[in-house]
Amino acid sequence: SSQTLLSFQEAGVLKLTLNRPEKLNSFNEEMHLALRGELERACDDDAIRAVLLTGAGRGFCAGQDLGDRDPRKGGPKPDLGATIETFYNPLLRLIRSLEKPVICAVNGVAAGAGANIAFACDIVLAAQSAKFIQAFSKIGLIPDAGGSWSLARILGEPRAKALTLLAEPLPAQTAADWGLIWRAVEDDALQAEALAIASKLAAGPTTGLGLTKRLIQEAATSDLDTHLDRERDCQREAGFTDDYAEGVTAFLEKRSANFTGH
Ligand code: T3D
């Protein structure tokens, strides 16, 4: 872990806490690199079977640190395409391609890329007091970190356009009602509930869960015929896992399964 990202691993769960609370955990390069490094480790390390992402202090993440983009400091205009390519897009691709569940506990305001990173996670819980803000239009930018894709896909054009063009705060409960997140929970219960979900998934049949995540994501760009073939292939792979044999044995023996992730 680095100062800007706290990392804690226990019982298969890698808990990552964005830790620049005085800046509402907005992203500087150091935090980007730390988060990417930990997600890459989660990818490679068999002992990590679920990731839990949250924020320190009263906010979840306020997107890009605008202090690092101060035009008053002079110099040429920044090439934001390059920073998206270098930092935000790899982060989004890592979260989506990680074949393990990524749980997000949105503990407070999530703005700009901070909101859209949350929406890219697999199971998102938010504190009742949290709000999501597509802050980009306030400063002349477009919704990045996959936001223009995920919002359009999940919400449809009318809500996606109003949210992004107006940049009005969306309360956690509305985000849940609209299907953008899994659940809004009491502020005091958030961390415990998110950890319970992460721990449960970390004790699950990891290969099957990873394949499930992949299939659900592929459905967005697949037709039924293609997708049925993909389900066949993934079910074949799942059927060869030890966890499948254990799951069926446990069912027949009327006991709970003891999955190893293999
Ligand atoms: O540049 C690229 O690489 C392109 C990529 C862009 C991706 C993006 O995410 S662009 C969008 C950037 N984010 C924003 O525009 C959001 C800016 N923040 C806000 O609008 C508000 O802070 C919030 C609505 C999130 C929260 O409001 P509030 O009233 O609860 O808190 P606050 O007082 O505004 O913020 C508390 C402190 O955090 C404050 O510092 P201070 O005054 O106490 O010293 C504030 O300046 C700081 N802070 C909040 N967000 C950012 C930030 N500092 C730097 N960058 C931030 N994004």
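## Around the ligand

The ligand is surrounded by 22 residues, the closest being A62, G63, T83, G112 and A113. A residue counts as near if its C-beta atom, placed from the backbone, lies within 6 Å of the molecule. By class, this shell holds twelve nonpolar, six polar and four charged residues. Ala, Val, Leu, Ile, Met, Phe, Trp, Tyr, Cys and Pro count as nonpolar, Asp, Glu, Lys and Arg as charged, and the others, Gly among them, as polar. Helix α2 and strand β6 each give the shell at least two residues. Helices (H or I, at least four residues) and strands (E, at least two) are DSSP runs, numbered from the N terminus.

The model is predicted: local features need pLDDT of at least 70, side-chain atom pairs count only at pLDDT 80 or more, and totals for chains, interfaces and linings use all residues. Residues are numbered from 1 along each chain as its sequence is written.

## The sheet

Four strands form an open sheet in the order β4-β6-β8-β9, with mixed pairing. Strands pair if DSSP finds at least two bridges between them. β4 (59-61) and β9 (170-171) are the edge strands, and each pairs on one side only.

Strands β6 (residues 109-111) and β8 (residues 131-133) run parallel, joined by two bridges. Here A110 stands opposite F132 in β8. Helix α3 (residues 113-120) lies across β4, β6 and β8, at about 100 degrees to β6.

## Helices α1 and α2

Helix α1 (residues 29-44) packs with helix α2 (residues 80-97) at an angle of about 25 degrees, and their axes are 10 Å apart. α1 is therefore roughly parallel to α2 (angles under 35 degrees count as such). Axes are lines fitted to C-alpha atoms, for helices over the stretch in contact, and angles run from 0 to 180 degrees between N-to-C directions.

From α1, H32, L35, R36, L39 and E40 meet F87, P90, L91, L94 and I95 of α2. Contact means C-beta atoms, placed from the backbone, within 7 Å. The residues of this contact are seven nonpolar, one polar and two charged.

## Helices α2 and α3

The axes of α2 and α3 come within 9 Å and cross at roughly 20 degrees. These two helices are therefore roughly parallel to each other. Y88, L91, L92, I95 and R96 in α2 meet A113, I117 and A120 in α3. This contact has seven nonpolar, no polar and one charged residues.

Methods
Angles under 35 degrees count as roughly parallel, over 145 as roughly antiparallel, 65 to 115 as roughly perpendicular and the rest as oblique. Two residues are in contact if their C-beta atoms, placed from the backbone, lie within 7 Å.
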